Amino acid sequence: MAGVDTITKEILQDAENESAKIIHEAEAEAENIRNAATAEAEKKKSDMADKAEKDAASYADRIQSQIGMRRKQAILGARQEMIREVLDQAYHQLDTQDDASYFGMIEKLAEENVQPDDGEILFTAKDAARLPEGFAAKLQDIAVKHGGSLKVSDERADVENGFILRYGGIEENCSLRALFSAKQEELQDEVHRSLF
């Protein structure tokens, strides 16, 4: 029996050695897995931190861009409002100038707009009532210089100020509002250059 005990002890010892070897290998494998998982977690953590930093920088850039855009829009809006106010003031000054200046302006407008044809000029009721003496003759002289004729109509123009030129059935609106509208972009550009 002593031989059986020895064999049993050897088998148990071999089993114990094999078991220790398996446990040691499993612990080493577990340590490798733990190290790999830790490294992977650190990499993901670093990647997430980088991504979060890039996202925050991108968001900050977008916010700055929006702020810049809104600032530019506010400045543009303020400039447009200033230009509109300057043009409104200019219009008001032209509309409310004294009679001599006003009809001097009307004379220049007629000079620029008469045609080499027979026509008539229609004034507003307000302007017709205050026409300077001899003004109709001045307008006729202007028309003759341009190869036409022009008489003051008894009909009244349905405009705020200025006049209407009528040649045949065609009317040309020479009111201040129409002239301002026709030259709006040009006037806005000029005011913009003067102000800014």
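Predicted model: local features only at pLDDT ≥ 70, side-chain atom pairs only at ≥ 80, totals over all residues.

Visitor: Where does Lys44 sit?

Guide: Lys44 belongs to helix H1, which covers residues 2-95.

Visitor: And how far apart are Lys44 and Gln73, in sequence and in space?

Guide: They are separated by 29 residues in sequence, and from C-alpha to C-alpha the separation in space is 42 Å.

Visitor: Let's switch to Ile106. Is that one buried or exposed?

Guide: Ile106, which is part of helix H2, has a relative accessibility of 0%, and it is therefore classed as buried.

Visitor: What does Ile106 touch, if we skip its neighbours in sequence?

Guide: Once the residues within four places in sequence are set aside, Ile106 is in contact with Phe123, Phe135, Gly162 and Phe163. As for Leu139, its C-alpha lies 9.5 Å from that of Ile106, although the two are 33 residues apart in sequence.

Visitor: How do H2 and H4 pack?

Guide: Helix H4 spans residues 135-145, and the two helices pack with their axes 10 Å apart and at an angle of about 25°. They are therefore described as roughly parallel to each other, since the cut-off for that term is an angle under 35 degrees.

Visitor: Which residues make that contact?

Guide: On the H2 side the contact is made by Phe103, Ile106, Glu107, Ala110 and Glu111, while H4 contributes Phe135, Lys138, Leu139, Ile142 and Lys145.

Visitor: And which hand does the crossing of H2 and H4 have?

Guide: The crossing of H2 past H4 is right-handed.

Visitor: New topic, the aromatic rings. How many aromatic pairs are there?

Guide: The count of aromatic pairs is 4. One of them joins Tyr102 and Phe103 in an edge-to-face arrangement, with 5.2 Å from centre to centre and 90° between the planes.

Visitor: Are Tyr102 and Phe103 buried or exposed?

Guide: Both Tyr102 and Phe103 are buried, and together with Phe123, Phe135 and Phe163 they form one aromatic cluster.

Visitor: What lies over the face of Tyr102?

Guide: That is Arg130, placed 4.4 Å from the ring centre of Tyr102. In another such arrangement, Arg177 has its charged end over the ring of Tyr91, at 3.8 Å from the centre of that ring.

Visitor: Back to H2 for a moment. Where is Asn113, and is it buried or exposed?

Guide: Asn113 is part of helix H2, which runs over residues 99-113, and with a relative accessibility of 14% it counts as buried, because the buried class takes in values under 20%.

Visitor: Which residues does Asn113 touch?

Guide: Leaving out residues up to four places away in sequence, Asn113 touches Leu165, Glu172 and Cys174.

Visitor: Tell me about Glu172 then. Where is it, and what does it touch?

Guide: Glu172 is in strand E4, made up of residues 170-174, and it is partly exposed at 27% relative accessibility. With residues up to four places away again left out, Glu172 touches Asn113, Gln115, Phe163, Ile164 and Leu165.

Visitor: How far is Glu172 from Asp61?

Guide: Glu172 and Asp61 are 111 residues apart in sequence, and their C-alpha atoms are 54 Å apart in space.

Note on methods: Residues numbered from 1 in each chain as written. Heavy atoms only, no water. Phe/Tyr/Trp six-rings, centres within 6.5 Å; stacked < 30°, edge-to-face > 60°. Buried < 20%, exposed > 50% of the residue type's maximum accessible area, 1.4 Å probe, protein only. Lys NZ or Arg CZ within 6 Å of the ring centre and 35° of its normal. Helix = DSSP H or I, 4+ residues; strand = E, 2+ residues; numbered from the N terminus. Contact = heavy atoms within 4.5 Å. Axes fitted to C-alpha atoms, helices over the stretch in contact; angles between N-to-C directions. Parallel < 35°, antiparallel > 145°, perpendicular 65-115°, else oblique. Left-handed = near helix turned anticlockwise from the far one by under 90°.
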